[in-house]
Structure formats: structure tokens, C-alpha cells
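I opened my notebook to look up two things in this model. How are the ligands held, and how do some of the helices pack?

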Amino acid sequence: MSQGIKRIAISTGGGDAPGLNAVIYAATLAAHSRGWDVVGIRDGYNGLLLGDEYPDGGLIELTRNRVRGIIHQGGTILGSTNRGNPIAYPVQQPDGSWAEQDRTEELLGRFDQHRIDALITIGGDGSLAIGHHLHQAGLRLVGVPKTIDNDLECTAATFGFDSAVDFASECIDRLFSTATSHSRILVVEVMGRYAGWIALHAGMASGVHAILIPEIPYRLDPVAALINERAQRGSTYSIVCVAEGAKPVGGAHTVAGKAVGQAERLGGVGAKVAAELEALTGRESRAVVLGHLLRGGSPSSVDRLLGLRFGAAAVRALDEGHSGVMVALNPPTVDYVPLAAATRQLKVVPLDCDAIQTARDLGIRFGDE
Ligand SMILES: Nc1ncnc2c1ncn2[C@@H]1O[C@H](COP(=O)(O)OP(=O)(O)OP(=O)(O)O)[C@@H](O)[C@H]1O
Ligand SMILES: O=P(O)(O)OC[C@H]1O[C@](O)(CO)[C@@H](O)[C@@H]1O
Ligand SMILES: [Mg+2]
């Protein structure tokens, strides 16, 4: 069964995540073993839409030599983008303003022009929603779930999350020693968009005292009360882990910026929380933003293995005639789910989950007490 496939393309979209190169490696080798050629599209779909702008061409032939030794490398050898979504492409108007334009037909034409029979699109909710749209418009395609945010439905895990949590925990461990030495409150802001997975897991793993996540709008009085109680007991430092999407009761998440054709950028809530806790407790506070450090660097072995399994499964899915599906971890196996289901809504932290209950049992505050 090769479904008439001779040549496939791979694209990586959205924010990079540790493990992307493992997917590219496995998908390339699994495709070669079926006699298929593989090309990588540079920077999302830009290599196809803006091919002339690349001195070496917008497509990269993915030979065995090209993918050798990349499993452990961070980032993506293809490049990625979270700007210029092809179905809402920003185009400047004669009056200088920006409007969004649908470039689907043009993009599909480029796939034909380059004799690409099918696409493996590796991305988060945004890239996979684009993938779903392209599939509906006629492109043969399989999605692979990637994101450090862990906010994709229908899969037990996305690669990138484990590496991000690991590194965030390591950073928070370091903050403990400086917070203790200076008797300070340290507020650490982590990525995650509208879901609190990274803050919850990294915060718990490193034993912080309060965790603020978008799923539980916060008030700071109970957090300040805990900090004061701790100080009375002789623990004159406290660590608070804040998800970038956290919001106060009755308020909104903190937006760092929004431009046409781009998702809004979150950031800044950590500094606000630190200032308010300083005012409420009279104790010196500092805010640290871990930001893109969580996306960089080498993938954990968990993410490498997940990436390899997803990459090979995506090729098997195409070989078996599937299209419009996402490969998904369904322990102990990897299976396929419709892209429509996977992109219907974000996977946020369920309030009754075991991790939240455990954190509450440990005395960690969420700001809703
Ligand atoms: N190939 C692409 N070309 C242009 N924009 C893209 C592409 N893929 C995704 N985007 C845009 O990037 C944003 C995020 O994409 P996605 O949800 O797939 O990634 P993510 O892993 O959640 O990372 P992030 O949150 O960094 O942006 C979305 O707004 C999406 O429209
Ligand atoms: O690379 P950018 O545009 O700053 O995107 C940041 C966003 O991407 C992510 O790192 C991954 O989705 C989010 O956690 C974060 O909000
Ligand atoms: Mg996303």
C-alpha cells in the first residue's frame, strides 16, 4: 500500500519545541524505507509561498545524510514560523493598513507544482487547524502534535512538554537558593498560553508554595497570607510559579502584543504579581520570566522517543491511506484521531484532576482559597 505516493513534504509550524528534529528524522527514514522521496518546507509554508526569497530554495531535500545526527538537536532544521498563517495572510493595503488574505489555492498549487503527493505537518493547535483546512481543501495530509504547552486534545501528550517542564524545574530549583539567601519572594513566570500545564507540573515538581494558572482565576490575598504565615514560622522566602496566561478574578490575561496575522503574545503577569505581593506583604519580591528558554535546547529522552514514534506513525498513517488525521499518544500505543476532533478545543487543566488535588493536599495555594 503506498497510495500512489512518491514524494512527501514535511513542515514545522508554530513555536519550536524540543523533539521536532526527532520527528523529521523518523518520518524521513520511514518514508525512504517505502521508496518515497522527502522534502522539507522551510519556515512553515514560507518555503513554498515565498520560495524565491530563499537563496538555496524554499525546499530542502531530506536525504539520509541531511537528517543524520539530528535526533538530539533542539529547534527544527526546517525553520518554523508563527506569523503569516497562509489562510489569514497579512497583506498591507494601499492606505497602509493591514488585512488578512486567504492564500489556500495558491499554496495548494505550489504542492502540485513541486509534485508533492502528501504532507506531514508538525505543529500545535494553530498549525493543525491550518492543516485541517488544507485537508478539507483537498491536500492529503497527516498531523503530528507538537507543543511545549501540552494544550492539544485527543493525545495523552505532545512532545516538547517534558523538556520544558524539566528545564523549568531546574530553573526553579536554582531560584530557591537565591530566594532563601535574600529572604525574598520570587515569582517565576512560565509559558503555556491559555493552559497552566507547565506551571502546574514544574511548580509541583520543584516544591513551590503557590501556583497561578489560567484555569483558576486568582486573588492574591490568600497567597500573601500563606507567605506571611511562612515568615512567622521562620521561612522568610517563598516561591510562586505563574503561568503566562494566569488572570485575576474578574480580570483578563496579560497581553504583551498583537499584530495582524499573528496570535496574541502573552507575558507580563509575573511582574504584576510580584509587585502586588510586595505591596501586600511588605516583603521584597522579584519576578523572573523563563520565556523562550523553555523551548530551546536539547530534547529530553522522553521527547526524543515520542518524536520518533510520532514521525514513523505519521508515515504509516499515509501508507495506510489515512488523511485529515493526527497521530496521537494513546498509551501504550500511538493511533490516529481526526484533525477535526483534535483541534475543536484546547486541552486545559481539569480542575478536579489528580495533580491539582495532590497540590492542594501539599498545601500549595492557587489563589482561590
Ligand atoms: N505554517 C505556519 N505558517 C504561519 N503561521 C503559522 C503556521 N503554523 C502555525 N502558525 C501560527 O502560529 C501560531 C501558533 O501555532 P501553533 O498553535 O501550531 O503552535 P504552538 O506550538 O502552540 O506554538 P505557539 O504558541 O508558539 O505559537 C498560530 O497563530 C498559527 O496560526
Ligand atoms: O515565539 P513567540 O511568538 O514569542 O510565541 C510564544 C508562545 O509560544 C509558545 O512558546 C508555544 O506555544 C507559548 O507558550 C508562548 O505563548
Ligand atoms: Mg498553540
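**Ligand 1**

I began with asparagine 82: a polar side-chain atom of this residue lies 3.3 Å from an oxygen atom of ligand 1. I counted that as a polar contact, a pair of N or O atoms within 3.5 Å. The model is predicted, so local features need pLDDT of at least 70 and side-chain atom pairs pLDDT 80 or more, while totals for chains, interfaces and linings use all residues. Side-chain values use heavy atoms, without hydrogens and water; residues are numbered from 1 along each chain as its sequence is written, chains are lettered from A, and ligands are numbered from 1 in the order in which they are written.

Next I looked up lysine 146. A polar atom of its side chain is 2.7 Å from an oxygen atom of ligand 1. For arginine 193, a side-chain N or O atom sits 2.5 Å from a ligand 1 oxygen.

How many residues surround ligand 1? I found 22, and the closest are Asp125, Gly126, Ser127, Lys146 and Arg193. To be listed, a residue needs a heavy atom within 4 Å of the ligand.

**Ligand 2**

I then listed what surrounds ligand 2; among the residues are Asn82, Thr147, Asp149, Arg193, Glu244, His292 and Arg295. Histidine 292 has a polar side-chain atom 2.8 Å from a ligand 2 oxygen. Arginine 295 places a side-chain N or O atom 2.9 Å from an oxygen of ligand 2. Asparagine 82 turned up again, with a side-chain N or O atom 3.0 Å from an oxygen of ligand 2.

**H6 and H7**

Two packed helices are described by the angle between their axes and the distance between the axes. I took helices as DSSP runs (H or I, at least four residues), numbered from the N terminus. The axes of H6 (residues 161–182) and H7 (residues 197–205) come within 8 Å and cross at roughly 45°. That is why H6 is oblique to H7.

Which residues of H6 meet H7? I noted Phe161, Ala164, Val165, Ala168, Ser169 and Ile172. On the H7 side, the partners include Trp197, Ile198 and His201. Contact here means heavy atoms within 4.5 Å.

**H1 and H10**

Last, I checked H1 (residues 20–32) against H10 (residues 301–319). Their axes are 7 Å apart, at an angle of about 35°. I wrote down several H1 residues that meet H10, including Ala22, Val23 and Tyr25. From H10, the list includes Arg304, Gly307 and Leu308.

Notes
Axes fitted to C-alpha atoms, helices over the stretch in contact; angles between N-to-C directions. Helix = DSSP H or I, 4+ residues; strand = E, 2+ residues; numbered from the N terminus. Parallel < 35°, antiparallel > 145°, perpendicular 65-115°, else oblique. Polar contact = N/O pair within 3.5 Å; in protein donor to acceptor, adjacent residues only side chain to side chain.
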